Every structure is written in C-alpha cells, then in structure tokens.
Amino acid sequence: MFTKALFPAFMNYAFRASQLNILGLHCNKIYVAPNLDIVRYAARKGTRAAALAKKKARKAQKKNEPQSVPKYLQRKLKVSAELERKKCTDENWLETQPIDNVYNMKLYRGKPYTVAEAVKMHRESHCPEMLNDPSPLIYANVELELKLKKKDRYIEELNGIVTFPHEFKAPKKNKIIVLCKDLDEQVKATEAGAAYSGSSALIKQILAGTVSKEDFDFVICHPDTLKEANTLRGIIGRKFPNTNNGLLRLDVVEAVKSFINGIEYKLKHSSLEIDFGWVDVPFGRLDMPEEHLEENLQVLLNIIEKQKPAGTDHLLFILRTLLWCEKSKERFKIAHWKYLPNYPENGVLKEEEDEDVKSTAQ
C-alpha cells in the first residue's frame, strides 16, 4: 500500500530531475512543491475508510432485517385494509319479499335498526361472559358521497369538532389556548380549563417556539386580538380561528367549555372509489342511557349534514350510518333518515324510486 502511494510521486520527481539535467543544470536536490497526489490520496483514504465502515454496518443491519417484500405486493401492503371499501349498492334496490326465507344480500336491502336495538345487541356482546367491557366507546361510521357540483371533482378534506349535549369520558381532553385582551376573561378561561391564556405576549411566545404546536389542539380567539393573531396563520394552519369552525367568538369562556370536551373527526377516503369516504366519530359510552345516545347521534348527523357542498341538492350527502363498538367487529345499520330533515325513507331518492317503479310496470 505504501509503495503504491509513493510510486507516482517518485516517478514525478525523477522526470523533473531529468528535465533539469538536460538543460545543463546538475542538481542533486530538487526543491519543488509537494505532490498533491499524496494529499489527495490521504483525503480519499479517510473517506474510503468511513464508507467501508458504513458498508459493514449496513450488511450487519440487513442480516437482522426481515426479507424484502416483492414489488407486486408492495402496493397492497401500503394501502390499509380499512380503506379498501366500496359503496353499499344494495340500498337502491326495491323492497321485495323472497319466495322462501332465504335472502340474497346482493339483491335485498339491509335491515335498518333503531339506536335502542343496536345498543342492546352491542351490550349483549360486551357482557362479562364474552368481551367483558361494559362501557366501551360507541362509534358512528357515517358513509358520505364526495361528489361536487362540477364533474370529476370530489371533496378532498372534511373535518370538524362536535360538542355533544350529553357529555361522556372522551379518549382525551383537548388543550386550548385563548387569545383575548380582557384580563378578567383570561382568568375565567384559565379556570374553565384553558392551558394558556393571554394576548400579544402569548403570541410572541408561540412565534418564538416557547409554546410549541404540540402544547395545544385549538386556539380560541376574541375579535379584539384577531389582527395580532394573523401572524400565527403559518403555525396553526387550517385550525386558524374563524366563524365557520367556531374558534372566533365573543364568549371565549363558553367556547373553552365546549371545545375542551369536543370530539374531532376527519374524513377517510376509500382507496377503491374516489367519490366515497366516511368518518368515524365516538358519540357516547355503551353504558349511557339509550335516549342520551340517540340525542348525541342526532346532533352528530346534523353537524355533518351542514357540511354538504353547495350545488349538490340532487345528491344525498349521508349514504349510510353504521354503529360499532371497540373490541367488536359487528356493525349495525341505523335508520339515519329519521334524524335528518328532507331525507327520503330508506335513504333512497324519490326520483330513483319512481324510475324503478316505472321500469317494473313496463
């Protein structure tokens, strides 16, 4: 290794000495600048040693890693099985009775249950003898039509927060920041449960990073500090206070009480159909009274219905509602049209029903 490194330098020195001897300058010692090849090689030697060490570390790591997944299976693994869902097409079939007592699920509409019946069936499966969980969270899986007014346009994002009339123990309590100039309101907001309350000084702390984005979930703002709060748009993003999301309010104390126990929901898109999605929202505990659960569900459905896009009156926004519980795979269809105004029976538009009747008559 040493001879390989010095051989090019020795040949370079000998060549220069021969040139000087030809010119008649006999010199035993040649004072020239050091050859850069040695310097460059020394630099490369360090980088090569580091690269070799990294290579050995990668090989050792690969021995402990599982076998790589083939390319034709990678897409299937990336897409969650939960998102591989399609619309339920059996809802648009007419109600007909079969000849015998065997129903084909592809041809007949699924039976809708009342909230009381669905809760009763879930309580049976969560009894001590089976799942042994008397008070799990009960969720509403609300399936949505994502088409917009324009052709080939669909809803990309849909989120919000729900405050229920009958409170229950939620998975987590939201951390709230209150921005207002009134000192009395700041004290009352802190007593109501706000994590931070202040005005310009608090805004500067958020901008400086003293109060990070992870320290709060929502920012409730009074109109008197909205101008100063505009500097937080880049940090807060889509949750910036406005009248639509209810975070820009005069009664900040009442807003803290409602948002601290509020339940946030977010749209999930189907990986198979671009015009289909759903939201999963907990609306109570299984051991709550059935009347309270029904009222909470009605509030939830009406809040989601208000987010229906403009210009889509000819479409039904909520397609189907299923109730499910933690630790259980059972889902029961609910007659959601009873809780929504101007919704047809069985969740089918009247125009479609009339066309089906005409086609059967012909």
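Q: How many disulfides does the structure hold?
A: This is a predicted model. A disulfide needs two cysteine sulfur atoms within 2.5 Å. The sulfur of C180 is 8.7 Å from the closest cysteine sulfur, in C221, too far for a bond. The number of disulfides in the structure is 0.

Q: Is C180 buried or exposed?
A: Buried means under 20% relative accessible area. C180 has 1% relative accessibility, so C180 counts as buried.

Q: Is C127 buried or exposed?
A: The cut-off for buried is under 20% relative accessible area. C127 has 18% relative accessibility, so C127 counts as buried.

Q: How are the rings of Y139 and W324 arranged?
A: Ring centres within 6.5 Å make a pair, and planes under 30 degrees apart count as stacked. The centres of Y139 and W324 are 4.4 Å apart, with the planes at 10 degrees, so this pair is stacked.

Q: Which strands hold Y139 and W324?
A: The pair links distant parts of the chain, 185 residues apart. Both residues are buried. Y139 lies in strand β1 (residues 137-145), and W324 lies in strand β9 (residues 318-325).

Q: What kind of aromatic pair do F276 and W278 form?
A: F276 is buried at 0% relative accessibility. W278 is also buried, with a relative accessible area of 0%. Their rings are 5.7 Å centre to centre, with 45 degrees between the planes. Under 30 degrees would be stacked and over 60 edge-to-face, and this pair is tilted.

Q: Which residue lies over the face of F218?
A: F218 belongs to a second, separate core of 15 residues, which also includes I220, F259 and I260. The distance to the ring centre of F218 is 4.8 Å, and the residue over its face is K239.

Q: Which element gives the most to the largest nonpolar core?
A: This core has 42 residues; L144, V279, L297, I304 and I318 have the most contacts inside it. Several elements each supply at least two residues, among them α4 (115-125), β8 (276-285) and α10 (290-305). The most, 6 residues, come from β1.

Q: Which residues does L297 touch, not counting residues up to four places away in sequence?
A: L297 is among the residues with the most contacts inside the largest nonpolar core. With those sequence neighbours left out, L297 touches V115, A140, F283, L323, I334 and Y339.

Conventions
Residues numbered from 1 in each chain as written. Predicted model: local features only at pLDDT ≥ 70, side-chain atom pairs only at ≥ 80, totals over all residues. Heavy atoms only, no water. Phe/Tyr/Trp six-rings, centres within 6.5 Å; stacked < 30°, edge-to-face > 60°. Helix = DSSP H or I, 4+ residues; strand = E, 2+ residues; numbered from the N terminus. Buried < 20%, exposed > 50% of the residue type's maximum accessible area, 1.4 Å probe, protein only. Lys NZ or Arg CZ within 6 Å of the ring centre and 35° of its normal. Core = buried A, V, L, I, M, F, W, Y, C linked by side-chain atoms within 4.5 Å. Contact = heavy atoms within 4.5 Å.
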